[in-house]
Amino acid sequence: MGKELNCSVRFGKQQSEGKALLETSEILFRGEFRLKIPFSTITSAKAVDGELRLQTADGLAIFRLGVPAEKWCDKILHPKSRIEKLGVKPGAKVALLGEFEAEFLREVGSLTKSVSKGKINSDAECIFFAADSKGDVGSLSKTSKSMQGGAALWIIYPKGQKHITENDVLAAGRKADLKDVKVVGFSPTHTALKFVIPLASR
């Protein structure tokens, strides 16, 4: 989902080679010890000589990343908002299918007034489809027929549920002749998976 790099990390008296993962709201490390540092717990972040130095309440974590250290530091200090990650531009034509939380509706409404609910206009650029069960994604073929050009279809579904899994969503999208291109964390409870019409079919 995020960026990952092999590196060495020092945290307190511990030091290990391993893999660092930069996610949308936290940085993880898996080596001889493990770290999970939510951005919200970082009191200062600096990139110095190829090292990413993160001060947390539990101590200083030093990630030896090399050149990418500055980029990672910038992403930690200036994380993208949810609406930026979803690629909704000011004035975009948006379609909403299903029920969405009030906060998300506010975020969309602050960017564009061109929002249709329950239907897809032919010029829709971003389509958000709330799927709570496997049955909900069974109608994707109908939805995909309403898409044109480079329109993005985001399927929003619950995380960690057995009644609808990432594989269910992927299978439904592919059955509808769509290509999955991106996944982002939509909220603590939901994931967003992006589908588009394959270039050869546009």
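Predicted model: local features only at pLDDT ≥ 70, side-chain atom pairs only at ≥ 80, totals over all residues.
Is Phe104 buried or exposed, and what is its relative accessible area? Phe104 is buried, with a relative accessible area of 0%.

1. **Phe29 and its ring partner.** The whole structure holds five aromatic pairs. In one of them, the ring centres of Phe29 and Phe63 are 6.4 Å apart and the planes stand at 90 degrees, so this pair is edge-to-face. Because Phe29 belongs to strand E3 and Phe63 to strand E7 (residues 59-64), the pair ties together parts that are 34 residues apart in sequence. Phe29 counts as buried at 1% relative accessibility, and Phe63 is buried with a relative accessible area of 0%.

2. **Back to Phe104.** Phe104 forms an aromatic pair with Phe128; this pair is edge-to-face, at 5.1 Å centre to centre and with 75 degrees between the planes. Phe104 lies in helix H3 (residues 102-111) and Phe128 in strand E10 (residues 126-130), so parts that are 24 residues apart in sequence are tied together. Phe128 is buried, with a relative accessible area of 0%. If you colour the rings, look for one aromatic cluster formed by Phe100, Phe104, Phe128 and Phe186.

3. **Helix H5 and its neighbours.** Helix H5 (residues 166-175) has Asp168, Val169, Leu170, Ala172 and Gly173 buried. After H5 comes Asp177, with a positive phi near 65 degrees.

4. **The second largest pocket.** Rolling a probe the size of a water molecule over the atoms shows where empty space is left. How much space lies in the second largest pocket? The second largest pocket holds about 340 Å³. Its lining has 16 residues, with Thr24, Ser25, Lys85, Lys159 and Gly185 nearest the centre. By type, the lining of this pocket divides into four nonpolar, six polar and six charged residues.

Key: Residues numbered from 1 in each chain as written. Heavy atoms only, no water. 1 Å grid on protein atoms, 1.4 Å probe; cavity = no way out; pocket = protein on both sides within 12 Å on 5 of 7 lines; lining within 4 Å. Points joined across faces, edges and corners; volume = space filled by probe spheres on them. Nonpolar A, V, L, I, M, F, W, Y, C, P; charged D, E, K, R; others polar. Buried < 20%, exposed > 50% of the residue type's maximum accessible area, 1.4 Å probe, protein only. Helix = DSSP H or I, 4+ residues; strand = E, 2+ residues; numbered from the N terminus. Phe/Tyr/Trp six-rings, centres within 6.5 Å; stacked < 30°, edge-to-face > 60°.
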